Structure formats: C-alpha cells, structure tokens
Amino acid sequence: MSEKLRILVVDDDRRMAKTLVNIFQAKGYEAEAAHSGPEALEKVEKAHFDCALTDIRMPGGNGVQLYRTIKARRPDLPVVLMTAYSSDERVREGLEEGVVAVLTKPLDINLLLSFFSSLRQERSIVIVDDDPEFARTLGDILRARSFAVTQVTDPHDVVERVRPDGQVVLLDIKLDDISGLEVLKGIMEQHPRLLVVLVTGYREEMGQAIEAALKIGAYTCIYKPFEVEELIQLLTKVRHQELSRVLGRPVRKRKKGEPWMQRPVSSS
Amino acid sequence: MLGSRAALALGTWVVYVLVFIPLYHLVGQVVAALAILPVGVTGWLFGMRAGLLAGLLAFLLNMPLMSLVTGTGWAMMTPEGLFGSVLVLLLGAVVGRLRDLGERAKRELTERKRVEEELRKHRDHLEELIGERTAELRRINEELQKGITERKRAEESLKEYSERLEEMVEERTQELREAQEQLIRREKLAMLGQLAGGVGHELRNPLGVISNAVYFLKMTLPDADETTKESLEMISEEVRNSTRIISDLLDFSRTRLPDREEVAVSELVAQVLEKLSPPEGVEVITEIAPDLPPVFVDSCQMGLVLDNLVTNAYQAMKEGGNLTISAQAEKGQMSLSVADTGCGIPPESLPKIFEPLFTTRARGIGLGLATSRILVEANGGSIEVESEVGKGSTFTVRLPIREGVA
C-alpha cells in the first residue's frame, strides 16, 4: 500500500469532480478525476487506486457498468456509487452486485472522509492456531498480501491480544487444551463487534461445535485444507461489508435459505 | 157466423109466419105488432139497413097475411096498420142502429186491444233491447273502469320507477363526479410528483457542487474572520434545508409499488427510533408486546411513514413532553399509534393535514403526511388522526397482518 490513499473520482459534471478532488487533496489524499467510464477504466488500468467514487448517470456508459468492468479486473477495489437519483433502478442493481455503498448527492463529506480513514486502516488478521507451522505459513502468505498478521498459539492469550475492532480473527476450533468454543465465548464477551472466522480440519467431528459457535456470533466457518484465494475472497467481502457499514448502508435482511453471512448490528 | 145469424133471423121469420094465424084468432089484429120480434132480431143481427129492410119486409109480409085472415086486401092500409108498420120499421132501424154502434164499439175495442197488445209487445221488445244494451254498456263500462285502474296502476309504478331511476342517476352521477374529482386530484398529484421529482433531481447536482465548494472553503479557511465563517455556515445550513425539502419531494413523487414482506413492528419502530434521537426534554415510551404477529408491509415505506410521524411529533413538542408508540393487534390488523403531548392541531386544520402542500409550519412544503397516507394506503392500510390543541396528537396507522388482508 502506498503512503497516500489514492482515490479516483468519476463524474461527467466537471465541477462536481473538481470540488471533490480539491477537498480530498486538501485532506492529504491523492485524488484524480475522470469524466467518463472509459477514461476511468484507463486510469484504473494504468495506476493503483484504493477507492473509486463514481456517478451513476453519465453519457456513454453508466456507473454500474463501470463497476462491473472494474470488478472483473480489480475485484478488491472498493467502488462507491453516487447519484442524484435515489429511485434509480441501477441503484438496486449496483447494491445487489456488490458496490460498497450508494451515496446520494449532495454528499456527506465527513462520512466519506471517515470512510477513507477506515480504508487506510491496515487490514489486520489474528491467527489463533495451536499448529505453529500452519500459523506461520498462512501468516507469510497474508503478509505478502499486505495484511498485518498477529499469530497466537496459546489460546489463553487471545482475548488480551486482539483489538476491540477492525480485526479479523481466524480461530481454529479444535485446540489442544482449551475448546475453541470457550475461546470464542471469551472473545465475544470482550469484543462483541469483532469478526471471528472459524477454521477447522474436522468438518464432521466438529459439526455441533461449529453450529454452536455460529449461534453465539462467529461469522462463518472455513475448512482445512483451503485455497488461499478462497480466504482472500472472504476477507475482501468482509472488508467491503465493514466499509458499507461505515457508509451507513442498511444491513440487508437475510432472505430465507440464504446463509447468514452478515453479523447482526450489535446494539451499541 | 153469417149462416147461423141468417138461420136465426130466418127462424124468427118462419116462427112469426107459423104463429100468425093461430095468434090472430086469439088476440086479433094486434098480432101484426108481433112482427116487431123478427124485425128486431134481424136489425140486431144485421144492423140498421137490415132492420129498415126487415120493417119493410114485415109490412109487405103482414099485408098478405092480414088479407088472408081478414079477407080484405087492404086490412093493412088502416091507420093503425100503417102506424104499427111505421113503428116496426122504426124499431127495426133503431135496433139495427144500436147493433151497428155496438159492433163498431166492439170492433174499435178489439182494434184498440190489438194495438195495445202490439204496443206492449214493442215495449217489451224495446225493454229487452234496452236491457241488453244496458248490460252491454255496463260491461263495457266495467271493462273501461278496469282498464283505467290498470292504467292508473301502471302509471303509478311508472312514476315510482322513474323516481327511483332519477335517484339512481343522481347517485351514479355523484359517484362519477367523486371518481372524476379523485382522478383529477390524483392526476394533479402525479403531475406535481413528476415535476417535483424532475426538479428535485436536477437540483441535487448543483446543490452537491455548492455543498462541496463550501466544505472546501470552510476547510481551507480555518482562520477566516467570524463574518466569513458565519456566511459559510449559513450556506451549508441552507444547502441542508434544501436537501431535506428535495428528499420530501422525492419521497412523495416516488411511485414505487410496495415490496411487501412480513416484518415485526418492534423492528420497524426500533430502526426509526435509532435514527431519530429525541430533542431535549422529550421522553420516548414504547408499548409493544413481544408476541405481536408481524405486519405484511414494505419495511422501507413504513419506515418512512414512521419517520415522518415521529419527526412531526418531536417538532410538536418544542417544550418537551412524551412520545408514546404503541401497537395492538385487532381483527386481522395491526393498530400502531404514535402519540405526542405537544401543541396539537386546530380542528379546522384536521381534515386537511393529509392533503399535499398543506402545512402549519413556517418551513416545509407539507408533503410528509400526504406521502405517509399514500404509502400506508399502498400497503393496504389506513391512517387517521385525533388531536386536541394544547394536549397533543395521536396518529393511528392500521396495517394488514397477513397477505391478502387489505
């Protein structure tokens, strides 16, 4: 990750793009403006960006189309749509397909700035596993993907070692001397907002424990051996959801039969 | 008749002739006076002319008879004989005349009887005819009468029917008029909505630029003088106000069909209360039982309705007060009420508060409650209000509990 957060602003209204770029630059970000979908794509392909902020209605390709193209090439780039038309059909399409949020104009700049600062936050992973070999190799991979990684091999330490917010805990549910479920309970009591992903190599044996863990607040469960890409995808998704929450996007209600992939908003 | 009469007359003459001679020997010439008998009988039987003729005949007969008994040819030519003969003649004439008169009277009587009989017959016939005609007339009259009654009845029912028809036409006309007015109102609203929506959207872009520019100025001029800061603050405040008005307009103009699902009332209320924190001095009380059935509504639209009601309630309680939100299930409906202890609504404003563009506030365009009503009705519910000036207002929203209950 570069020193400064790089933001791409896409709007056919040049004054809108310019005022936003001015603000972001004054706030110490690197911001660039593009005035059409193709121009924006060109910039995304040439340089790295940490976030794209795009208008929906533009001549020659709307913001949702632009999002689809970006998603195909840079799936980890968070895209925020902005629009003057709150009832636009494309708003729904965009939200369904995975944009971080849709903001209505005039924009709440303070909200956007706090969104950017959470973007800048290092993505921090805590690996809780009694197998030091597994923890180390996974940690290396994640560090290579610019995650900050903390390894915890002693389950007794975990509650003290995690931060209350902004981290993802990968928790092995079959630990030697203390049940993973107990560790989870400890974490949830101290840090109810923390995201805990269960990791286990014993899908059948641990079935009941996993069920119980999901009930008391674990986010989801992945099974060893897993592809690193699978984990990265999950972490990207988690991150985008966290970002959505920063932008005040309402938590979508779970439809029947849909897996519980979102944590309920805790009453704080 | 004539024969028997002639035989009787002839008989008297024969008797006279036969008894003449013997009687002459007994009484003398006076016997000739007996001629009076056949003459009288003949006159009586054949009338005056026959009586005169019989008197003459008696004279002629008496002459030979007298001659025979007396032996003299002129025995009748004596004054007594002539006088007697004239008497007989006269007697015959008188008796005949009497007979004639009697006959005539008898004939006339018979004739009169016949005529009378005929007249009676005619009269009877006439009466019969009259009776028949009268009966016929009576029948015709009755028929006419019956016809008249029927016609009268028909006329009455026709009148009744036409009156009812008029009533129906009146009713239908009223209905049509109301429907038309509603249509016009809806049309106006739709046009207003479209216009408002278009204008609102178009204003959001320039407002966005203004808002960004002001943000930039405020950020880059932290050391500006107070007047500049104040001016910048005023611009941002007015941009916020304009944005809120535009949001109201867009909420109103949005004609999205409700996407209904089962939602817990407590969740709807909690989401709205989480978003809207009460002003100072206002206490929020919720009375919602946990075991209430879910309502079948579009949660976004109902959230907007509750948002409007709660915002209004807060604004009505500038001096503080209580906001009570309660819910009860009754008759397949959920009755959700939002009650404040604020300033209340004057009675003359009550019927108008759900009309678009009606407002009691100095700022605001009066679309919140109109939008709420449209949304509640689109979700198969209803909304009503009770209010007392100085005591507060209660808005009650009734929502369907299950699908199909509208």
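Val15(B) sits in helix H1 of chain B, which covers residues 2–27; helices here are DSSP runs of H or I with at least four residues, strands are runs of E with at least two, and both are numbered from the N terminus. This is a predicted model, where local features need pLDDT of at least 70, side-chain atom pairs count only at pLDDT 80 or more, and totals for chains, interfaces and linings use all residues. As for bookkeeping, residues are numbered from 1 along each chain as its sequence is written, chains are lettered from A and ligands numbered from 1 in the order in which they are written, and side-chain values use heavy atoms, with hydrogens and water left out.

- Val15(B) comes out as partly exposed, because its relative accessibility is 48% (buried is under 20% relative accessible area, exposed is over 50%, partly exposed is in between, with a 1.4 Å probe and protein chains only).

**Chain B overall**

- Chain B has 8 helices and 7 strands.
- Of its 406 residues, 33% are buried.
- Chain B exposes about 26100 Å², with carbon and sulfur atoms supplying 60% of that (Shrake-Rupley areas with a 1.4 Å probe; for residues, only the protein chains shown count as cover).
- Take the contacts in chain B between residues at least 6 apart in sequence: 72% of them join residues at least 24 apart, contact meaning heavy atoms within 4.5 Å.

**The parallel sheet in chain A**

- Chain A holds an open sheet of 5 strands, ordered E7-E6-E8-E9-E10, with parallel pairing (two strands pair if DSSP finds at least two bridges between them).
- At the edges are strand E7 (148–152) and strand E10 (220–223) of chain A, each pairing on one side only.
- Neighbouring strands are turned by 20 degrees against each other on average, direction ignored; axes are lines fitted to C-alpha atoms, for helices over the stretch in contact, and angles run from 0 to 180 degrees between N-to-C directions.
- Strand E6 (residues 124–128) of chain A runs parallel to E7(A), and 5 bridges join the two.
- Within that pairing, Ser124(A) stands opposite Ala148(A) of E7(A).

**Helices and a loop around the sheet**

- Helix H6 (residues 132–144) of chain A packs on the sheet and touches E6, E7, strand E8 (167–172) and strand E9 (195–200) of chain A; the directions of H6 and E7(A) make about 170 degrees.
- Helix H8 (residues 180–190) of chain A lies across E8 and E9 of chain A, at about 160 degrees to E8(A).
- Ser146(A) belongs to the loop between H6 and E7 of chain A, and is partly exposed with a relative accessible area of 42%.
- Ser146(A) and Arg123(A) are 23 residues apart in sequence, yet their C-alpha atoms are 7.8 Å apart in space.

**Salt bridges**

- Over all chains the count is 33 salt bridges, each being a side-chain nitrogen of Lys or Arg within 4 Å of a carboxyl oxygen of Asp or Glu.
- In chain A, Lys185(A) and Glu182(A) form one at 4.0 Å, N to O; they are about one helical turn apart, because 3 residues separate them in helix H8 of chain A.
- Lys185(A) is partly exposed at 37%, and so is Glu182(A) at 44%.
- In chain B, Glu111(B) and Arg114(B) meet at 2.5 Å, N to O, being 3 residues apart in helix H4 (residues 79–220) of chain B and so about one helical turn from each other.
- Glu111(B) is partly exposed at 39% relative accessibility, as is Arg114(B) at 41%.
- Arg398(B) pairs with Glu384(B), their closest N and O atoms being 3.1 Å apart.
- This pair links distant parts of the chain, with Arg398(B) in strand E7 (residues 392–400) and Glu384(B) in strand E6 (residues 382–388) of chain B, 14 residues apart.

**A network in chain A**

- Salt bridges with shared partners join Arg6(A), Glu30(A), Glu32(A) and Lys43(A) into one network.
- Glu30(A) lies in strand E2 (residues 30–34) of chain A and is partly exposed at 33% relative accessibility.
- Leaving aside neighbours within four places in sequence, Glu30(A) contacts Lys4(A), Leu5(A), Arg6(A) and Ile7(A).
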